[in-house]
Amino acid sequence: MKISRRALLSAGLAASAFVVVTETESAQSIDDLKARGLVGERPDGYVGVVGGGATADVVNTVQQINNSRRTLYQGIAQKNGSSLSAVEAVAGAKLVKDAPPGSYVMDATGKWVKK
């Protein structure tokens with residue numbers, strides 16, 4: 001899978017700025033959910049519910065965020081002639097790397113770990 005530098009840069013910028021673009025209404029709640037350890041970043045560029053027992057509100061918020069991210073990633077992939085999976089991987093790596101200490105991230109084996 002070949003990705004141009006431009007696509008990587010665009011994906012990186014998108015990952016950095018996605019909060020403004022995709023989470024305008026849910027930013028506070030998603031940040032709160034992350035701080036409470038209920039939601040974490042996944043290496044595929046999406047958020048996930050940490051552990052079981054999530055409420056319907058948590059699941060709905062995660063779905064909304066992920067739908068917005070997918071739309072953003074698809075636009076970047078199309079604009080740069082790259083695949084959706086390539087953009088997701090670049091964004092995911094950046095989001096996991098930039099997650100604050102104490103938050104949950106999913107490792108390469110699919111397990112949630114606290115940074």
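The structure, a predicted model, holds 1 aromatic pair. Tyr 46 and Tyr 73 form this pair. The geometry is edge-to-face, with 5.5 Å centre to centre and 65° between the planes. Tyr 46 sits in the loop between strand E1 (39–41) and strand E2 (47–49), and Tyr 73 in helix H3 (residues 56–80), so the pair ties together parts 27 residues apart in sequence. Helices (H or I, at least four residues) and strands (E, at least two) are DSSP runs, numbered from the N terminus.

Tyr 46 is buried, at 3% relative accessible area; Tyr 73 is buried at 0%. Buried means under 20% relative accessible area, exposed over 50%, partly exposed in between (1.4 Å probe, protein chains only). Asn 66, in helix H3, is also buried, at 9%. Beyond its neighbours within four places in sequence, Asn 66 contacts (heavy atoms within 4.5 Å) Arg 42, Tyr 46 and Val 47.

The largest nonpolar core has 8 residues, including Tyr 46, Tyr 73 and Val 87. Such a core is a set of buried Ala, Val, Leu, Ile, Met, Phe, Trp, Tyr and Cys residues joined through side-chain atoms within 4.5 Å. H3 and helix H4 (84–98) each give two or more residues to this core. H3 supplies the largest share, 4 residues. Apart from this core lies another, of 7 residues, among them Ile 30 and Val 58.

Residues are numbered from 1 along each chain as its sequence is written. Local features need pLDDT of at least 70, side-chain atom pairs count only at pLDDT 80 or more, totals for chains, interfaces and linings use all residues, and side-chain values use heavy atoms, with hydrogens and water left out.

Technical notes. Phe/Tyr/Trp six-rings, centres within 6.5 Å; stacked < 30°, edge-to-face > 60°.
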